[in-house]
Amino acid sequence: MLLLGCIKEVSDYELAISLPNGLSGFVPVTQISDAYSQLLTKQVAKGELLEELHSLPDMYSPGTLVRCVVTSVEKSADGRRSVKLSIDPKKVNNGLNSTALAAGMLLSGSVLSLEDHGYLIDIGVTGTHAFLPHQKAKNYIKAAKKGPDLKIGQNLNCLIVEVKNEGRVICLSIDRSEVAASIATERQNWTLSNLLPGLVVKARVQKVAPLGMKLTFLSYFTGIVDFMHMDPEKSMNYSPDQVVKACVLSVHPTSRAVRLTLRPPFLHPGGAPRQLPGQCMGAVLEEATVKAFYKQFGAIFELDDGTLAFARLKHLSKTRKSFKPGAFKEGCKHKCRIIDYSPMDEMCVVSLKHQIIEARFLQYQDIHTGDVVQGKVLSLKPIGMQVKVADGIRGLVPSLHLSDVILKQPEKKYNIGDEVKCRVLECNPEGKKLILTLKKSLVQSKLPVLSSYEDAKPGLITHGFVVCAREFGCIVKFYNDVKGLVPKNELGSEPISCPDKVFYEGQVLKVMVLKCEPQQERLLLSFRLSSKPGPEDKWKYTPKEKQEVKYQIGEIVDVKILKKKDNGLEVSILEDEDNVVAWIPTLHLSDFVATSKLLWHCLQEGDVLPRVMYLSDKGEHIILSRKSAVISAVQEEQVVRSFSEIQPGMLLTGYVRNVMPFGVFVEFPFGVTGLAPKVSMSDKFVTDTKDHFVVGQTVIAKVMSIDEEKQRVLLNLKVSECSSGDSAAESFALLNQYFKELKEIRDLLRRGEPSICELVPGKGVRLVVQDVREDGSALFSGSFVTGLTVTATHYHLGDKNIAPGEKRKALILHVDALTSEVYVSLREELLKRRP
């Protein structure tokens with residue numbers, strides 16, 4: 001069967017294809033084209049990478065329409081059907097022969113080879129040589145942005161421009177404007193045996209029915225348009241004898257049934273259907289309105305934003321017996337969840353099943369490193385155990401991670417079907433790769449999850465597992481393949497001569513980070529948890545008793561900057577005869593995270609910072625804060641000094657300590673911490689917690705509940721819940737503080753980078769064009785912008801054609817002092833408005 005499909009996902013080994021009516025299929029890497037398969041075979045035989053063989057992601061992009069042929073439909077053990085497809089022109093164009101080829105025909109081709117004047121294209125027709133001149137390919141190559149040339153195996157929508165020698169030689173074009181304008185006509189002599197999906201035709205409405213309509217096209221062909229493929233804007237207004245533009249969706253080989261679509265994106269060959277924004281996937285919708293119900297297929301719903309969604313019959317109720325057709329009359333409202341998107345139907349696919357609406361995970365993207373998940377044992381193999389986490393989500397527990405100790409006979413401990421509690425070691429949604437651990441000490445660990453080298457701050461204590469023990473020390477691994485070295489002298493308080501006899505592979509141990517170089521991915525660790533930082537990081541500690549007597553939390557002091565370090569400032573407290581040294585973390589320089597980074601950038605050693613608050617003396621050194629909202633909260637006594645003082649309903653000012661997939665940890669002055677779970681984080685729907693909060697951000701939190709036994713505090717961070725009443729005054733106070741700090745930064749910048757301070761948004765400047773980039777943006781230079789990168793995007797060049805060396809008037813849009821970048825516009829409408 002021939003079908004038009006849309007590429008949904010691209011991996012190294014297959015293309016996932018969206019098919020009409022919510023179906024999907026897969027094109028294996030061996031079903032691209034003959035030339036591509038030959039290169040694959042050659043690479044395997046040689047055992048080394050071939051320069052001319054490009055991976056599928058280098059050639060194919062999601063959203064591209066392709067013609068496919070069904071090669072097989074396989075049924076898996078759990079009853080699911082898997083549709084295997086091919087986009088090989090020999091199979092897709094099987095019905096064509098050289099005598100049937102005519103100018104104006106649109107068909108699939110695949111790049112065979114690169115020649116001096118163009119490309120040889122495989123169109124799957126024996127005895128025909130197809131040639132694509134460079135001139136007819138250059139616009140397509142530029143727009144596709146996949147490199148300077150077409151690649152062997154690349155699938156193309158080809159338009160026949162000229163037929164020579166009775167079809168033995170044909171000339172092609174892939175120019176987007178020419179392809180988009182092509183329409184299949186009677187003169188091209190299409191027959192039922194060679195009719196191709198993707199052809200755009202002029203058709204006449206023959207009959208309109210509730211489930212679709214019948215069309216006639218190309219004189220004697222008839223085709224069906226089902227209810228999902230009418231134009232949603234015109235679906236109720238079709239009438240017999242009306243002439244419409246339609247696109248062939250599928251051709252059945254035996255019944256010769258032709259299905260068509262009237263949806264606008266398909267009515268120009270080479271078009272692309274609308275894609276669903278990623279954040280909508282998995283969204284739960286409280287009220288979706290039934291638009292139409294089809295008893296054999298399912299129901300169409302209208303969502304809040306006016307878009308349409310489809311629910312298959314089996315997704316309308318838990319079981320067939322519990323299904324009540326009366327609940328799906330037009331206008332009825334139901335709770336549902338978006339579980340998929342069908343680009344070929346331009347519709348979300350939803351489910352009303354309670355277990356799917358409540359499911360924690362729907363796709364690999366919902367799972368984060370460090371998550372604790374429940375799974376079911378599917379199989380036990382020498383490589384490890386396969387676990388089903390949810391429908392369509394499977395993970396692997398490597399044999400090393402089946403237990404805290406190495407299991408010689410795992411089948412004695414685990415049976416197929418057992419429920420197991422695992423922790424996610426690594427999740428790669430693109431490659432659908434999920435690695436889990438069953439080591440109890442990792443699953444139950446309450447220590448921080450170390451999943452990137454950037455998170456490995458000196459002094460951090462966490463759990464890791466030994467992957468190698470040698471005479472030089474131990475290599476310890478964490479989450480996301482982060483690993484580090486515990487040198488021999490850091491293995492214990494006593495010298496260990498043979499580490500391989502003391503430590504074993506897979507052993508879980510607590511380790512402390514000594515040093516990390518994220519860019520080099522180097523990590524130095526210690527098993528001696530009480531060991532202090534190295535001599536170069538030593539603080540001038542004062543005895544703890546002395547500090548506690550001298551300074552109270554909330555006390556305001558002036559400080560002088562001694563040293564700038566990567567994540568903060570080392571300062572000395574002024575008017576203190578003991579020269580007490582303290583630490584201001586970068587994130588505590590301001591209530592605003594972006595401002596904190598700018599302040600750190602502008603401040604210099606020797607600068608004096610007034611009115612800094614004593615925050616804590618955890619970790620044996622004083623920590624200070626300059627967050628004005630936190631300082632105000634302490635001074636106005638709107639704080640809790642201990643867990644016992646917390647009451648539900650309180651509004652407290654604090655700062656984000658950690659952002660986890662399940663929620664946000666907030667710390668308050670005097671050390672009390674609480675958790676805002678995912679559901680209470682934002683007034684918006686939260687898919688990824690990291691999109692809403694960052695570590696160090698100042699927040700106002702409302703206490704929801706307290707658990708005295710476990711000493712836990714649950715918080716609400718929804719803006720609608722966390723206002724003290726006069727929200728306008730609060731907002732103006734925050735804005736006022738923000739602008740005050742910006743002025744302070746501007747004054748600091750004047751000292752080191754005076755030129756950047758003169759560049760204010762809205763100011764007009766004269767610049768010299770330095771370079772025009774491939775993406776259409778331009779770089780500028782000028783005497784007053786020396787040392788700065790001045791850029792205008794393609795949009796902000798307006799309709800002006802510019803060349804290097806020209807002088808141009810421009811308007812400053814934005815100045816980024818942190819990266820020394822200036823963004824400008826040459827658009828006439830903006831330059832005219834300038835005062």
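**View 1. Lysine 702 counts as partly exposed, at 26% relative accessibility.** Partly exposed lies between buried (under 20% relative accessible area) and exposed (over 50%), with a 1.4 Å probe and protein chains only. The model is predicted: local features need pLDDT of at least 70, side-chain atom pairs count only at pLDDT 80 or more, and totals for chains, interfaces and linings use all residues. Residues are numbered from 1 along each chain as its sequence is written, and side-chain values use heavy atoms, without hydrogens and water. Lysine 702 meets glutamate 721 in a salt bridge (3.8 Å, N to O). A salt bridge puts a side-chain nitrogen of Lys or Arg within 4 Å of a carboxyl oxygen of Asp or Glu. Glutamate 721 is partly exposed too, at 35%.

**View 2. Aspartate 122 pairs with lysine 90 in a salt bridge (3.8 Å, N to O).** Aspartate 122 is buried, at 9% relative accessible area. Lysine 90 is partly exposed, at 39%. Salt bridges with shared partners join Asp34, Lys90 and Asp122 into one network.

**View 3. Aspartate 226 forms a salt bridge with arginine 259.** Their closest N and O atoms are 4.0 Å apart. The two residues are 33 residues apart in the chain. Aspartate 226 is buried, at 11%, and arginine 259 is partly exposed, at 36%.

**View 4. Ile121, Leu150 and Leu215 touch the most other members of the largest nonpolar core.** This core has 51 residues. A nonpolar core joins buried Ala, Val, Leu, Ile, Met, Phe, Trp, Tyr and Cys residues through side-chain atoms within 4.5 Å. Another core, of 42 residues, lies apart from it and includes Val557 and Leu759.

Conventions
Helix = DSSP H or I, 4+ residues; strand = E, 2+ residues; numbered from the N terminus.
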